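Come along if you like.

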Amino acid sequence: MSLRGLPPADIFDKALGGERRALGRLITFVERDAAEAETVAELAHERAGNAHVIGITGAPGSGKSTLTGQLVKLLGEAGKRAAVLAVDPSSPLTGGAILGDRVRMEDVASPDTFIRSMATRGHQGGLSLAVPGVVRLLDATGYDPIVIETVGVGQVEVDIAGTADTTVVVATPGMGDSVQANKAGLLELADLFVVNKADRPGAKDVRRDLDLMLDLSHVSGQDQRTGMRPEIIMTTALSGEGAPEMWDAIERHRTAITANGQLEARRVNRDIDEVRNRLMADLESRVDLMLAGQSLAGVAEVLDAVAARSLSPTAAATQLAARIKDL
Amino acid sequence: MSDASTSDPQIRVVLAKLGFDGHDRGIKIVARILRDAGMEVIFLGLRQSYKNVVNAVEQEDADAVGLSMHNASHMTLAPKMVDALAEAGLEVPVIVGGIVPDEDIDPLMKTGVAAILGPGASAEEVAQTVRDAVAAVRGSSPQA
């Protein structure tokens, strides 16, 4: 029984009925932004909006996959039908990718767990452009919670905070001092901190630095934004120690933002963000076409002038920006 | 970004070693070759079961399965993998890489394995074999 040639609505029905192969194919449509993707998006949109979306983010090697595996194990034991989206980077040179997170999760996950690996496919920001659409699809087909594991991030990949209801930032010993903790970026957007590898020397120092940073958020008034101080949980992902406490903290966060109306506000922002991101991606491909000399006349001359150093990149961008409306 | 991914649908390949076989240099090299050929590799690695591979192909909607075999189990495990995928209704080619003696090649191909890659296969040969095997399945009926 092949899925080939079936209309997307039929495949959607199969996915609703629990057929994993069908859900796998629908995700591919969304990922490729294929002709079927629009139908799938509409069908999913009608049914989505229930699942708790949890983001796990942190530096490469901080233990995100292993922690996600522990989380999924707990959720399976609690009888929940969880899904995981594990995002890894695509090669900027060839578009290829090695997606290696699944193996750390599958052995511990319950058979009901759905795990999908995704490559970023050229998108910056720690996720792939298709992630919100795939989350909606998993939500619509009854998965709850949905755990998104981002690529290993630095300081500026903050997509996840706009995508998840609860953003967990994983820190580990040896990643720098208290100044690092006070720089702007990802750490500001955490709803919950996890200090992983808590059995290693320096874990308590990380906790102290994060605590001090959060104290300063209070002094500067930044914590007024959320009205909540993120909790800090210590874990050792390899042994699973601290994972139940992490899940409890995630649930407390969800309860709190449901009660204070932030959950609804975040979801509205998320949908508007998605509109924006899609428009930006469209614009970006139009700009690429323009620079390749395939849409507007006279662009090659401007770029030649930049190459000959007779025109500055800044001036060239100003000239071309005036013509963006013609794209 | 890459020409390969914009013109053709991205090829996704599950790579695994089945059972008790710890020789994983080959599979790591193949993963890198396929990545650099613009494919997405779902890397399962060592000590996988048929069930793990079937799960991965279903959930990842993979286009092909690559099995790395270096413990003389190819005549038993590879055909079982082909059967397990067919039983799950999954139409994906299985490509065997590793050590397959010459006299086993014909019998193994007859069990439904799509291709066999031995030691000394070049990077281009590895990537092209995967592309051809995927095209053979995708081309057999319109891509859903």
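Before listing elements, I note how they are assigned: helices (H or I, at least four residues) and strands (E, at least two) are DSSP runs, numbered from the N terminus. I also keep in mind that this is a predicted model.

**Entry: chain B**

I started with chain B and found six helices and five strands. Reading from the N terminus on, I get the order α-β-α-β-α-β-α-β-α-β-α.

I then looked up its overall dimensions. The C-alpha atoms of chain B fill a box of roughly 40 × 30 × 25 Å along the principal axes. The radius of gyration of chain B is 14 Å, which agrees with the value near 15 Å that a compact globule of 144 residues would have.

Buried residues account for 47% of the 144 residues in chain B. Of the contacts in chain B with a separation of 6 or more, 70% are between residues 24 or more positions apart.

**Entry: where A meets B**

Next I turned to the two chains together. I find 32 residues of chain A in contact with 32 residues of chain B. On the chain A side, the elements that give two or more residues are helix H2 (20-32), strand S3 (97-99), helix H5 (103-106) and strand S4 (114-119). Which of them gives the most? That is H2(A), with seven residues. I sorted the residues on this side of chain A by kind and got 12 nonpolar, 11 polar and nine charged.

I was pleased to see strand pairing between the chains: S3(A) is joined to strand S2 (residues 40-48) of chain B by three bridges, and the two run parallel. One partner pair I wrote down is A:Ala97 with B:Glu40 in S2(B).

**Entry: the sheet of chain A**

Is it buried or exposed? Six of its six residues are buried, so S6(A) is largely enclosed by the rest of the structure. A:Thr166, A:Val168 and A:Val170 point one way from S6(A), while A:Thr167, A:Val169 and A:Ala171 point the other way.

Then I checked the neighbours of S6(A). Strand S1 (residues 53-58) of chain A pairs with S6(A) in the parallel sense over five bridges, and A:Gly55 has A:Thr167 as its bridge partner. Strand S7 (residues 192-195) of chain A is joined to S6(A) by four bridges, also running parallel; here A:Val170 stands opposite A:Val194.

Elsewhere in chain A, strand S2 (residues 83-88) and strand S5 (residues 146-149) pair in the parallel sense over four bridges, with A:Val84 partnered by A:Val147.

**Entry: a helix pair**

Last, I looked at helix H12 (residues 299-307) and helix H13 (residues 313-321) of chain A. Their axes are 9 Å apart and the packing angle is about 170 degrees, so I put H12(A) and H13(A) down as roughly antiparallel to each other. A:Val299, A:Val302, A:Ala305 and A:Val306 in H12(A) meet A:Pro313, A:Ala316, A:Gln319 and A:Leu320 in H13(A). By kind, the residues of this contact are seven nonpolar, one polar and no charged.

Technical notes. Residues numbered from 1 in each chain as written. Chains lettered and ligands numbered in written order. Predicted model: local features only at pLDDT ≥ 70, side-chain atom pairs only at ≥ 80, totals over all residues. Rg over C-alpha atoms; globule rule 2.2 N^0.38 Å. Buried ≥ 20, exposed ≤ 12 C-beta atoms within 10 Å, placed from the backbone. Contact = placed C-beta atoms within 7 Å. Nonpolar A, V, L, I, M, F, W, Y, C, P; charged D, E, K, R; others polar. Pairing = 2+ DSSP bridges. Axes fitted to C-alpha atoms, helices over the stretch in contact; angles between N-to-C directions. Parallel < 35°, antiparallel > 145°, perpendicular 65-115°, else oblique.
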